[in-house]
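Please take a moment to look over the two chains before reading on.

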Amino acid sequence: MKDILKINESVKPKFPKHVRFRHNKARDEWVILAPERLVKLDPVAVEILKLVDGKVSVGEISTDLSKKFNAPKEVIMKDVIEMLQELSDKGFIEE
Amino acid sequence: MKSDELKSGSKQLKTASEHGIQAPLALLAELSHRCPLQCPYCSNPVQLEKKTGELTTDEWKSVIDQAVDMGMHQIHLSGGEPTVRHDLEDIVEHCTVKGLYTNLITSGVLLNPDRLKKLEKLGLEHVQLSFQDTDNENADRIGGYKGGHAKKLEVAKWVREVELPLTCNCVVHRQNIDNLENFIQMALDLDAERVEIAQVQYYGWALKNRAAFIPTPEQLDHATEIVEKARVDLKGKLVIDYVIPDYYAKHPKNCMGGWGRRFLNMNPKGEVLPCHAAETIPHLKFDNVREKSLKWIWENSEAFNLYRGTDWMPDPCKSCDRKEIDWGGCRCQAMALTGDAKNTDPACSISPLHKEIFAMAAEEARRAPPEFIYRRYGVRFNSPI
């Protein structure tokens, strides 16, 4: 049985095996696919999730995005943690 | 069929795009109606399709290509029992190549470890395994298949051994609802990602067997309490999807997310349906992928356009402020219980028939359950309709 994941700076998030983060060509949109689930994503979520690979930490993702969008890391990380926690609670993200 | 329905059928109906409806999200592919189990609540139509009429491998591959080109995200490989098809591997592989998320909905009893391993290698992404009860004997009695439950427990282990994610599909009703906590524990013990606790929905076979299945309101309330508590306790550990029998709901379910709005269902011979029970509406004519493209059918098929949007609705739906939330409920249930698919689904508390039907069902629930009428493939004499 899985344990509940608490997302913090050092967590290295990844998608569980059955969860796909995929670009739908015909619709030109990124989505998360899971059994009988489809999550449509806003552009910010897509930018975050493109960096999720199980190798980089939440902190590193936030640093990356703070450079890319020229915004303070703390502000970005708050959003990153909040979004990943929400996805994790629904079973779409694990460590 | 009434004359006004004939007229409205021949009138120019609005198409999907005229309704502002985009491409469907997922395809429910009934690969075959053949099944070794005989569940008396089976969602298949009572007129089961024979093997000889089933689409070929190449025909399914063409359907998959079309689905992807339309922008569909997922395919549910279902039945009957989809593993009776020896080309399941080819179909799964083709879905993987095309990038369609593949979900196998199976009773499991025909699977073996090698085949599962092969399916996983070919890109199968998820397995939904049905369970009839947690009690061995009762499960086998409900499914009409001796040794079925023990086999399913084994299959679940094989699924996890090849690291495929697992959903336990648990259909609950008055004859197993007391085991609800055991169902959830079973899902945890089997290392499932997700458990679907679905109360029987009453069409076709299940409607004929309603008195044998419908729980009392008290049983249902108790079940709902258990599920709600488990959802809190198991948050982040096990996803629990819960479907109540809509007879006891205040509002009807927004069936399929609205008629012809999100999903396609294909039966084994290639007919395209707005939902898996749509064949219970006798005046609907279904288009077939052997004659028309999937895209054309989604856009133009009369069976879809007849109940799309809200124009077709009579009162009380027409003047209801929830009409674009639950879309009048379920057309098949309206047909089965009122004789007219356009009527408000009697599951809705506003339906003039709601009270009467609710009372009848609750009364059935208080009496001793009758014998099952089993769904037997190819056998007509006990056909419920």
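In which sense do strand β8 and β9 of chain B pair, and over how many bridges? Strand β8(B), residues 263-266, and β9(B) pair in the antiparallel sense over two bridges, where strands are DSSP runs of E of at least two residues, and helices are runs of H or I of at least four residues, both numbered from the N terminus. Two strands are said to pair if DSSP finds at least two bridges between them. Within β9(B), B:L273 is the bridge partner of B:N265.

This is a predicted model, in which local features need pLDDT of at least 70 and side-chain atom pairs count only at pLDDT 80 or more, whereas totals for chains, interfaces and linings use all residues. Residues are numbered from 1 along each chain as its sequence is written, while chains are lettered from A and ligands numbered from 1 in the order in which they are written.

Chain B as a whole has 15 helices and nine strands. The radius of gyration of chain B, taken over C-alpha atoms, is 20 Å, close to the 21 Å that the globule rule (2.2 Å times the number of residues to the power 0.38) gives for 385 residues, so chain B is as compact as a globular protein of that length.

Where the chains meet, the contact takes 18 residues from chain A and 24 residues from chain B, two residues being in contact if their C-beta atoms, placed from the backbone, lie within 7 Å. On the side of chain A that touches chain B, β1 (20-24), β2 (29-34) and α3 (73-89) of chain A each supply at least two residues, and β1(A) gives the most, with three residues.

Within chain A, four bridges join β2(A) to strand β3(A), residues 37-40, and the two run antiparallel. A:A34 stands opposite A:R37 in β3(A), and in this hairpin, which has two residues between the strands, A:E36 takes a positive phi near 55°.
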